[in-house]
Amino acid sequence: TAESLGYRPNLAGKALARRKQNLKVGVLLVSENNPFFDEVIRGGTRAQTEINDYGVSLVLKTMRGYDANRQLELIEELEQECAVLVLHPVDHPSIAQKVEELKEKGIETVFVNTEIKDCGRLCYVGSNCRKGGETACGMLAMITGGKAMVGIVGGSNSILGHRQRVEGFCEVAKTRYPGLQIAALSHNEDDDEIAYQVTRKMLCDHPKINALFLAAAGVKGVCDAVLEQRKAGQISIVCFDGTPVASEMMKRGVIQAAVCQHPFTQGYKAVHTAFRYLVSGVRPPRDQMLVKNEIKIKENLQ
């Protein structure tokens, strides 16, 4: 009845009434050495400026790499002072179990950018990762005329979203573009140095590769390897995210297209979702709050 009448809780009043609780939203991102998350953090920070007046503050922690034990330690630190968490989760049983334990304690978790299935989180804010991989495959097929020897440089098997992108790409290649042959698949753990090494080895081991799909970060490392072997322009590249490096490489003609996923919006919506639940107790209207995948090419870069 309240919804049909357009009722909305008075967030300011509720926040003021609960101000003495020192309400905090904890944010934990695997963002160190990954420029994509600069925009996620900027979005979360923008949201923070809007919720400060309600007596709610943000506690941000970051980490590098996908060590589940390290992430568990940081989550345990945040739960000591925060009532809701925003988490970029490592897909590991220990993290899933921890999210369930937090829920039992009354601490809800919002996943951002990637998620873990069936673990009781409040909601997911991010893109449809499988659809992103499918989109990247369609773009590469258009660029190459549907015929290419493809190398895939993935992020980390510890991140569900990374796996879903690769799976989506491979499924579309198999069912719609049989001329796209997958020659090799490597992972770079979102690290430029590892990306450089695995790409260099991939191109040496498979000299017929003339297309690359980059499913996560490590764009600089991959492009450095391509440039080192003087294959820029000979290899068609589709990557993820319009980071400054990716944009620069598109301008130089090294990368032909990028699938972008609105990182600022992800950070902004995730923090606001956590804030609204914390202050009003209202659960999000949807289990997943999806942002659109957007294709960027040289001609539509800002």
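Mentor: Before we start, helices here are DSSP runs of H or I with at least four residues, and they are numbered from the N terminus. Also keep in mind that this is a predicted model.

Trainee: Got it. Where is Asp 224 found, then?

Mentor: Asp 224 belongs to helix 8, which covers residues 219-228.

Trainee: Is Asp 224 buried, exposed or partly exposed?

Mentor: Its relative accessible area is 29%. Buried means under 20% and exposed means over 50%, so Asp 224 counts as partly exposed.

Trainee: And how far apart are Asp 224 and Lys 105 in space?

Mentor: From C-alpha to C-alpha they are 47 Å apart, and in sequence 119 residues separate them.

Trainee: Back to helix 8. At what angle does helix 7 pack with helix 8?

Mentor: The angle is about 35 degrees, and the axes are 7 Å apart. Helix 7 is residues 192-205, and the two helices make a right-handed crossing.

Trainee: Which residues make that contact between helix 7 and helix 8?

Mentor: From helix 7 you have Asp 192, Ala 195, Tyr 196, Thr 199, Arg 200 and Leu 203. The residues from helix 8 include Val 219, Val 222 and your Asp 224. By class, the contact of helix 7 with helix 8 has seven nonpolar, two polar and five charged residues.

Trainee: Why do you keep giving an angle and a distance between the axes?

Mentor: Because those two values are how a pair of packed helices is described.

Trainee: Is Glu 79 buried or exposed?

Mentor: Glu 79, which sits in helix 3, has 12% relative accessibility, so it counts as buried. Apart from neighbours within four places in sequence, Glu 79 is in contact with Lys 98, Leu 102, Lys 105 and Ile 107.

Trainee: Switching to helix 10. What span should its 18 residues have?

Mentor: Helix 10 runs over residues 263-280, and at 1.5 Å a residue it should span 26 Å. The end C-alpha atoms of helix 10 are 26 Å apart, so the two values agree.

Trainee: How many residues of helix 10 are buried?

Mentor: 14 of the 18 are buried, so helix 10 is largely enclosed by the rest of the structure.

Trainee: And how does helix 2 cross helix 10?

Mentor: Helix 2 is residues 36-51, and its axis comes within 6 Å of the axis of helix 10 at a crossing angle of roughly 40 degrees. That angle makes helix 2 oblique to helix 10. Among the residues in contact are Phe 36, Val 40 and Ala 47 of helix 2, with Phe 264, Val 271 and Phe 275 of helix 10. Sorted by class, the contact of helix 2 with helix 10 has nine nonpolar, five polar and four charged residues.

Trainee: What phi does Asn 113 have?

Mentor: Asn 113 has a positive phi of about 75 degrees, although it is not a glycine. Asn 113 lies in the loop between strand 4 and strand 5, and with a relative accessible area of 5% it is buried.

Trainee: Last one: is Lys 147 buried or exposed?

Mentor: Lys 147 is exposed, at 65% relative accessible area. Lys 147 is in the loop between helix 5 and strand 6. Not counting residues up to four places away in sequence, Lys 147 touches Gly 179 and Leu 180.

Methods. Residues numbered from 1 in each chain as written. Predicted model: local features only at pLDDT ≥ 70, side-chain atom pairs only at ≥ 80, totals over all residues. Heavy atoms only, no water. Expected span 1.5 Å × (residues − 1). Buried < 20%, exposed > 50% of the residue type's maximum accessible area, 1.4 Å probe, protein only. Axes fitted to C-alpha atoms, helices over the stretch in contact; angles between N-to-C directions. Parallel < 35°, antiparallel > 145°, perpendicular 65-115°, else oblique. Contact = heavy atoms within 4.5 Å. Nonpolar A, V, L, I, M, F, W, Y, C, P; charged D, E, K, R; others polar. Left-handed = near helix turned anticlockwise from the far one by under 90°.
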